[in-house]
Amino acid sequence: MWIMDGNKRVIHGGKIMEKNVENVKAAQEKFGELIQSEFERIERMKADNEVTDFDKLKKIVIGVLPGDGIGPIIMKQALRVLNDLLAPEIASGRIEIREIEGMTIENRAAKLQSLPDDVFEEIKKCNVLIKGPMVTPRAGEPWPNLVSANSLLRRGLELFAAVRPIKIPEKNIDWTFFRENIEGEYIWGNKGIQVNDDLAVDFKVQTKQGSERIARAAFEFARKNGKKNVTIVTKANIVKLADGNFIKAVRKVGEEYPEIEIQERLVDAMCAKMLDPEFNKGIEVVVLPNLYGDIVTDIAAEHQGGLGTASSSNIGNKYAMFEAIHGTAPYLMSHGRGEYADPSSLIRAAGMMLAHIGYADKKVLLEKALDVCTTEKKVVLTTFTEDASAKEYTDYIIETIEKLK
């Protein structure tokens, strides 16, 4: 059979059909491989029962990944704060701060590995990590099209919970977000199927095990911190299976926590109305799938005062990683203002790490100092050269810590 296409070219219909069959078969084979990899990952999740008890460790090793762009600059300041707060523990050998080399974009590009094998082996010798921002190459940039190093670290270390606190006192907001950190649209982010020139397919992955463990983390946090509400944020009215199953998994876990109320919000409404007191009434702990969590927590951080005011922890059973939530700030670097970058987000991440490894009192001290520096503003940091540098602002923080001790 012969047919005419929209451009009046004569095409043989049989050949089109034959080519389509070939494309479909290739796509089916690739999809089958992806599904099989998920079955294997589910089994690994079922076996992931080793939980680190920091109280029982003779030595806690903090791995340092400075990152790219402003990363090494702000990391230097965060380490100054850590060395001050942990001076007795470092001196006694209870804590070791160990810098890990090899995660710069230059080295990753040279090896064509977002997470080089030799570097990952060194990372796994640490108990927790503090990480600066890292470049994820985009089209048009002078780097190979490497996948996100952040995503590989989270998956490789099974850091399934991204935990981000947001406080806006004048709006009566004190929320803690629990973002599922591995699945969703991101897990196969570089494994979509280009069926042919006309058709590309990406995927969203949800598992019962992945959803239940992030739910349990959220409910455990709520119970331990006297919270009475867990709010689920999805787009389940449209994404029926993946988001619908996520809700079912969270509600199933919630049955073990009868004192905690469960409510639901749609992600688009959450983004638009999170500051509306009627809409956000009762919200205390929020649990979300991966992509929604990425978007919603960034918006919430902007309402709080900008990405520089927020920090993030990535928690698994065995490992944990703490990081600033902003990027590498190429604009500041290219304009000679890298030394004037705000280190607050990474310093706050260091505080979250202190609490995680058993030094909650030091986190409280650091937060008090940061609050004083934010309200007194004896030293002002704006990222402009006429104001304080990252070092000068950190001097102010450390001086305040010493006064509060």
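This is a predicted model: local features need pLDDT of at least 70, side-chain atom pairs count only at pLDDT 80 or more; totals for chains, interfaces and linings use all residues.

Colleague: What makes β6 and β7 a strand pair?

Modeller: Pairing takes at least two bridges. β6 and β7 have 8 bridges, so they count as paired. Lys167 stands opposite Asp174 in β7.

Colleague: What lies between β6 and β7?

Modeller: The two strands form a hairpin with 4 residues between them. Asn172 is in the turn, with a positive phi of about 60°.

Colleague: How do you know that β7 also pairs with β12?

Modeller: The cut-off is again at least two bridges. 4 bridges join β7 to β12 (residues 285-288), so this is a pair too. β7 and β12 run parallel. Thr176 stands opposite Val285 in β12.

Colleague: Why is β7 called mostly covered?

Modeller: Buried means under 20% relative accessible area. In β7 (residues 173-180), 7 of its 8 residues are buried, so the strand is called mostly covered. For the protein chain, buried residues make up 48% of the 405 residues.

Colleague: How do you know that the radius of gyration agrees with a compact globule?

Modeller: A compact globule with 405 residues would have a radius of gyration near 22 Å. The protein chain has 23 Å, which agrees. Its C-alpha trace spans about 85 × 50 × 45 Å along the principal axes.

Colleague: What is the secondary structure count for the protein chain?

Modeller: The protein chain has 14 helices and 14 strands.

Terms used. Residues are numbered from 1 along each chain as its sequence is written. Side-chain values use heavy atoms; hydrogens and water are left out. The radius of gyration is taken over C-alpha atoms; the globule rule is 2.2 Å times the number of residues to the power 0.38. Buried means under 20% relative accessible area, exposed over 50%, partly exposed in between (1.4 Å probe, protein chains only).
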